[in-house]
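Hello,

Here is the structure for you to look over. My notes follow below it.

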Amino acid sequence: MRNPKKTLLWAGACAIAALLVTGSVQAAPAPAKTAAPTPPMGWNSWNHFAAKIDDATVRAQADAMVSSGLRDAGYRYINIDDTWEGERDAGGVLHTNAKFPDMKALADYVHSKGLKLGIYSSPGAKTCAGFAGSLGHEAQDAKTYAEWGVDYLKYDLCSLTPSVEKAATLEEGHAIEAAAYEKMRDAIKATGRPMVYSLCQYGINQPWRWGASVGGDLWRTTGDISDRFSRMVQIGLSQAGLAKFQKPGHWNDPDMLEVGNGGMKAVEYRTHMSLWAILAAPLLAGNDLSTMTPETLSILANKGVIAIDQDPMGKQGDRVHAEGPLEIWARPLAGGAKAVGLFNLGDRPANMSVTTAEVGLKGPHALHDVWADKDLGKQASFKAVVPAHGVVLLRIAAK
Ligand code: GAL
């Protein structure tokens, strides 16, 4: 087993690297087909369990996904992140390590619950936690995943990152990662099994400009999230301006959820969920579903928030207005409705207000307070005292 501290350091380094790279690469047209018509919803092992993930724990998460009602709320994928990998045999076929005795049986179990299974690898020789990556074995690995019944692949740049960053020019660096991502895209396609293809390279070289063209259904836009309010907010706000690069089926991914992991208060987790919903971000729970509190469940399962995230128009929102720690963000919804978040990221309660005109509507419209699940009647403006680190999330009807 690798040292989890080292892994965290590496992930941190990746985050810094992402911030350092500022150049841009050419946009390319996206293919029309997607395995993720709305932002993927599910669970991923990394944020809570990191290297302490095994077959029994994954089964427990699948069980809890169903018994808690999260599956029926829309959460579908059970995604195993890094540290499942074992050794390659003489023929080059990759096997699981002792923590996962039978991946096919695990996939069957997950499928039997009406859920889908995701897995993780890297285009480099090593994954971020130092396990075997897919370099030189792409077709073989994709075939193995398909035989197991995998439905989702997170492909994490990891040990290929230095070659991308140290290339003589930005274009050369980008060509290395693009070729690597295309190789696995083609390998997955050749298996004939549809898989959601999740690119993870921490936002280096602006993947929102080219992620779709190398087959990505979603692409990480930032370094790793952590279970701290300041980091979650930093990541969320850094998505300003990225809406124009996303299209339905091809999503910006500001990383997985930390809701319920204990480092933030409930009010802060509601801010996290609200911001991710306005961003049309994938909703991949990152907590232990088998021990979550009713409060955590109520945040993850909130129907109104999920409906915003999964809005069929699939259009990401953006910042409307910011004044110090007070930010208003809005997202266009199907049929001309809007989702509007009044975010108070400061340390004291604050008076906040918004008019329908500020979010592109005119005059009085029916307002709904999503977290309070309360209709507020027809109004042209809205005022509230928003708690410190909190949010009021509104759904504004088209009429
Ligand atoms: C990081 C990645 C994390 C997680 C981790 C596993 O690079 O951003 O989400 O997958 O690797 O080692």
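Strand 7 gives the most to the lining of the largest cavity, with three residues. Strands here are DSSP E runs of at least two residues, and helices are H or I runs of at least four, both numbered from the N terminus. A cavity is a set of points, on a 1 Å grid over the protein atoms alone, where a 1.4 Å probe fits but cannot get out; lining residues have an atom within 4 Å of a point.

Before the details, some ground rules. This is a predicted model, with local features needing pLDDT of at least 70 and side-chain atom pairs counting only at pLDDT 80 or more, while totals for chains, interfaces and linings use all residues. Residues are numbered from 1 along each chain as its sequence is written, and side-chain values use heavy atoms, with hydrogens and water left out.

**The cavity**

There is one cavity of 30 Å³ or more. The largest cavity holds about 80 Å³ of space. Volume here is the space filled by probe spheres set on the grid points, which are joined across faces, edges and corners. The lining has 14 residues, and those nearest the centre are Tyr152, Lys154, Ser198, Met256 and Leu284. Strand 6 and strand 7 each supply at least two lining residues. By class, the lining has seven nonpolar, three polar and four charged residues. The nonpolar class is Ala, Val, Leu, Ile, Met, Phe, Trp, Tyr, Cys and Pro; the charged class is Asp, Glu, Lys and Arg; the others, Gly among them, are polar.

Strand 7 covers residues 196-200, and five of its five residues are buried. Buried means under 20% relative accessible area, exposed over 50%, and partly exposed in between (1.4 Å probe, protein chains only). Val196, Ser198 and Cys200 point one way from the strand, and Tyr197 and Leu199 point the other way.

Strand 7 pairs with strand 6 (residues 152-156) in the parallel sense, over five bridges. Two strands pair if DSSP finds at least two bridges between them. Cys200 is the bridge partner of Asp156. Strand 7 also pairs with strand 8 (residues 218-220), again parallel, over two bridges. There, Trp219 is the bridge partner of Leu199.

**The cysteines**

The count comes to one disulfide, defined as a pair of cysteine sulfur atoms within 2.5 Å. Cys128 and Cys158 form the disulfide, with their sulfur atoms 2.0 Å apart. The link is left-handed, at -100 degrees about the S-S bond. The pair joins distant parts of the chain, 30 residues apart. Cys128 sits in the loop between strand 5 (116-121) and helix 6 (138-148), and Cys158 in the loop between strand 6 and helix 7 (161-166). Cys128 counts as buried because its relative accessibility is 16%. Cys158 is buried too, at 0%.

Cys200 is in no disulfide; the nearest cysteine sulfur, that of Cys128, is 6.6 Å away. Cys200 is buried, with a relative accessible area of 1%.

**The whole chain**

The protein chain has twelve helices and 18 strands. Its radius of gyration is 21 Å, close to the 21 Å that the globule rule gives for 399 residues, so the chain is as compact as a globular protein of that length. That radius is taken over C-alpha atoms, and the globule rule is 2.2 Å times the number of residues to the power 0.38. The C-alpha atoms fill a box of roughly 70 × 50 × 40 Å along the principal axes. Buried residues make up 56% of the 399.

Best wishes

Methods:
1 Å grid on protein atoms, 1.4 Å probe; cavity = no way out; pocket = protein on both sides within 12 Å on 5 of 7 lines; lining within 4 Å.
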